[in-house]
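Here are my notes on the pockets, as promised. Have the model open while you read.

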Amino acid sequence: MRTFRILLALSVWPILLLAQSTPEQIAYALSTRYTPYFDGAARLDLEEVAAQKVEAWWSSPAERRVLGQELSAAPLAGLHLALDPGHVGGFWAKWEWRNFRISEQDYWVREGELVLEVAQRVRAELTRLGAQVTLLRESSQPINPETFADYWPAVAAQRTPPSEVNLQIQLQHAMAVRDAAIRMAIVSGELAERARVVNEQIRPDALLSLHINAAAWPEGDTQQLVQSDHTHVLVFGCLSEAELLSSEHQAQLIEKLINGSGPIEATLGAALGAALGEATGLPASDYQGDNAIRIDAEVPYLWARNLMLLRLVKCPTVLLEPYVANSEREYARIQAALNARAHHQPLPADDILLEYTSAVVEGVMQAYGTLQADGEVQ
Ligand SMILES: [Zn+2]
């Protein structure tokens, strides 16, 4: 009987709900997180925003705990997480500008491949703890069904071809169009497809997008490793005034403002940020300028930014950016990790991908794990 009631509750979970926020709460969220560097509230009709109905299919951490305890004793029972191994890797890594090595004897560092392994390891551990976990990709291939050929006409239409009848110049133009079409297929088109799949097919309780950060190369482009090494996580927020005036950004902001994903992102982001800080021992990243804002005084690792994936995915979404891959310390650790895997050796005790994995699992447990009677996370 109890199982039947739970299944019934699950089946009606995706609902259209009236915004739970008052205009005053929305104004506060705008000033502290979504439009912190200008008066966004003055640009919106907050009464109208608060009266809208939006879709919300996910459970909050508190709702999941109630559901999970009825379902099973496993600490993450009832939780459905989607994991996005950021970027693509493989053949596409160089087109993503995420493919580097310092010397020819080194292994290529490809973010898309490193985070795919982390995602697979996180899935194994979270599944063991009772969660359902869906990866957005399982290989180093894009999931976007559109290829560069599909984007070619649109890209070509935006660029005036050279008038000179000169083969070299005409070829350069064609190659520039090709390169831009490839980038659209594997970057912006790919991100749009991943968001669509999460919103329309997977519909998880939350999405975690896994990345490894890198610093801009020092002046001169000599590919010298840098000293700075840090970690942070990102949630949606911090629009510029120009972005708020874009009807697309504004509609997505309003949806995220009132669909209840914001506070869950803050809780989950804080847990993951703190877990990454603890596991890596790294300081928090610091943004200069006004494209990012810290939203929790207690958690220096948690920042809000208006990134495409964070904006397009409706359910709670946190993007992880630990480590600086081209720092001296992490580059050496990545090389050691790749060497051990290439030679099927035991993984080093401080293996960077294992460290990353356990931090993600710890953060998810802190946010969603079932509390024991003594208040400890199980
Ligand atoms: Zn990345």
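1. A word on classes before the counts: Ala, Val, Leu, Ile, Met, Phe, Trp, Tyr, Cys and Pro are nonpolar, Asp, Glu, Lys and Arg are charged, and the others, Gly among them, are polar. On that scheme, the lining of the largest pocket splits into 20 nonpolar, eleven polar and ten charged residues.

2. Keep in mind that this is a predicted model: local features need pLDDT of at least 70 and side-chain atom pairs pLDDT 80 or more, while totals for chains, interfaces and linings use all residues. Numbering starts from 1 along each chain as its sequence is written, and side-chain values use heavy atoms, with hydrogens and water left out.

3. The largest pocket comes to about 960 Å³. (A pocket is an open set of points on a 1 Å grid over the protein atoms alone, where a 1.4 Å probe fits, with protein on both sides within 12 Å along at least five of seven lines; lining residues have an atom within 4 Å of a point. Volume is the space filled by probe spheres set on the points, which are joined across faces, edges and corners.) Among its 41 lining residues, His87, Arg98, Glu111, His211 and Glu321 are the closest to the centre.

4. Which element gives the most to the lining of the largest pocket? That's H7, with six residues. (Helices, H or I of at least four residues, and strands, E of at least two, are DSSP runs numbered from the N terminus.)

5. The second largest pocket has a volume of about 410 Å³. Of its 18 lining residues, Ala29, Arg33, Tyr34, Gly262 and Pro263 lie closest to the centre. H2 gives the most to this lining, seven residues.
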